[in-house]
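Keep the view open and follow the points one at a time.

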Amino acid sequence: MSKIKAIKPYQLKNGETRYMFKIYMGVDRLTGIERSTTRRGFKKQKEAELAYNRMKFESNTGKYKKQQYKTYRDIYEQWIVHYKKTVEESTFDKTSGIFKNHILPAMGDYRIDKINYALCQQHVDEWVEKLIRFNMVKSYASKVIDYAIKLDYIQTNPFILVETPKKKVKRKHNNYYIREQLIDFLNAAKSEGKKKHYIFFRLLGFTGMRKSEALALTWKDIDFTHNTININKALGYSKETGLYVKSTKTGETRIIKVDKETMDVLKTWQAKQFQELQILGFEIKQSKQLLFSNTKNKHIYPTKTWDWVNNLRTKYDLEYISTHGFRHTHATLLTEAGASLVGTQQRLGHSGNDTTTTTYIHVTEKIKTETLEKFIEYMGY
């Protein structure tokens, strides 16, 4: 005879005995409806008694939560709504793409409360084999589990226990040019007679600005009197809105000094561009006119610059670098030229990585000038 009357034995089809119980769990505070639940499948009466007493205790202390089955995809759909409010559109597009292409196909149908270390390790191993940035995929997959913990669907995050296997990665070619290679590339761009392409790559190589910053520049940002460029915005892209102007990557504005030769080339390009736009019937408003525009006098898609690089590289048998590689090139050449760390950081739009550079060292006009002078002297171009 059971010590707890609610616990009842029953027979399986094969004749084995199992135990079950139905337990009253009180009134739901939100709905006012009485709750009860049934548990079955216990092989021993003692196991049923322990489960009954545990649930009774949780009910009396307000710790019991009705079991709800949610899938990983269900939690993701909730998490992504909040995530979208915290990042830029372009970042949101990239993240949702990672989930759509890699994470949801692997984990989307799992019950969130059944996800364990073995499953997480299995999929991380698969991502390691297929993807270069597998750690980023793992990190995003883990964020949804963290969100499930906040919602009380799971107690711990098994991704914490996952070991990332070492993956042998083929050594890639350095994504920057040395001094002579940069000069060769710029000479090749100049010989093509496409002024826009030449000045674009000269700006990247001689200022270190991001291509998204260069493509967002207007002539109002160019100060020919003081030979400076005001970098205060960048070009972004999302599937929802297409191209749009946003703040710089760090959210900060920086004014950098530019050598006279580059400014003279810019001045020549401005005159040529305005002449071409007037012939095409465009109304020119200097304060809003883009330095680099397409045939419709609109923003150029950042991916288009890859074609510019690749065409020159192929035709003139030049070493490969990406458009972003020109930013790496400028940073590398500044270091070779002996520029100071703070001068380089200001020029590239990086914040200092310690208290000294972020709090106590201020980038003066002298530091800006010396940084540029060392670079130009080193380049001799």
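1. Start with E365 and K257, whose side chains meet in a salt bridge with an N to O distance of 3.4 Å. Bear in mind that this is a predicted model. E365 sits in helix α14 and K257 in strand β8 (residues 254-257), so the pair ties together parts that are 108 residues apart in sequence. The cut-off for buried is under 20%.

2. While you are looking at charged side chains, find R210, E213 and R254. Salt bridges with shared partners join these residues into one network. For the model as a whole, the salt bridge count comes to 16.

3. Next, E192 and K315. These two form a salt bridge, and their closest N and O atoms are 2.8 Å apart. Which parts of the chain does this pair tie together? E192 belongs to the loop between α6 and α7, and K315 to helix α10, so the bridge links parts that lie 123 residues apart in sequence. E192 counts as partly exposed because its relative accessibility is 28%. K315, at 55%, counts as exposed.

4. Now K233 and D221, whose side chains also meet in a salt bridge, at 2.6 Å from N to O. K233 is in the loop between β5 and β6 (234-238), and D221 is in the loop between α8 (211-214) and β4 (222-223), so here the parts tied together are twelve residues apart in sequence. Are these two residues buried or exposed? Both K233 and D221 are buried.

5. The largest nonpolar core has 45 residues, and F201, I229, L266, F292 and F326 are the ones with the most contacts inside it. Several elements each supply at least two residues of this core: α6, α7 (195-207), β5 (228-231), α9 (260-279), α10 (304-316), α11 (325-336) and α14 (365-379). Which helix gives the most? That is α7, with seven residues.

6. F292 is worth a click of its own. Setting aside neighbours within four places in sequence, F292 is in contact with K196, I199, F200, L203, A214, L215, W269, Q273, K298 and I300. Besides the core that includes F292, there is a second, separate core of 31 residues, with I112, Y140, V144 and I145 among them.

7. For the surface, turn to Y117, I160 and L161, which make a nonpolar patch of about 350 Å². I160 is placed in the loop between α5 (134-150) and α6 (179-191). With a relative accessible area of 67%, I160 is exposed, the cut-off for that being over 50%.

8. Last, the strands β1 (residues 7-11) and β2 (residues 17-27). They run antiparallel and are joined by five bridges. Where does K8 pair in β2? The bridge partner of K8 there is M20. The hairpin that β1 and β2 form has five residues between the strands, and in this hairpin G15 takes a positive phi near 95 degrees. As you step along either strand, remember that side chains in a regular strand alternate between the two faces of the sheet.

How values were computed
Residues are numbered from 1 along each chain as its sequence is written. This is a predicted model: local features need pLDDT of at least 70, side-chain atom pairs count only at pLDDT 80 or more; totals for chains, interfaces and linings use all residues. Side-chain values use heavy atoms; hydrogens and water are left out. Patches are made of residues with over 30% relative accessible area and no salt bridge: like charges are joined within 9 Å, nonpolar side chains (Val, Leu, Ile, Met, Phe, Trp, Tyr) within 5 Å. Accessible areas come from the Shrake-Rupley method with a 1.4 Å probe; for residues, only the protein chains shown count as cover. A salt bridge is a side-chain nitrogen of Lys or Arg within 4 Å of a carboxyl oxygen of Asp or Glu. Helices (H or I, at least four residues) and strands (E, at least two) are DSSP runs, numbered from the N terminus. Buried means under 20% relative accessible area, exposed over 50%, partly exposed in between (1.4 Å probe, protein chains only). A nonpolar core is a set of buried Ala, Val, Leu, Ile, Met, Phe, Trp, Tyr and Cys residues joined through side-chain atoms within 4.5 Å. Contact means heavy atoms within 4.5 Å. Two strands pair if DSSP finds at least two bridges between them.
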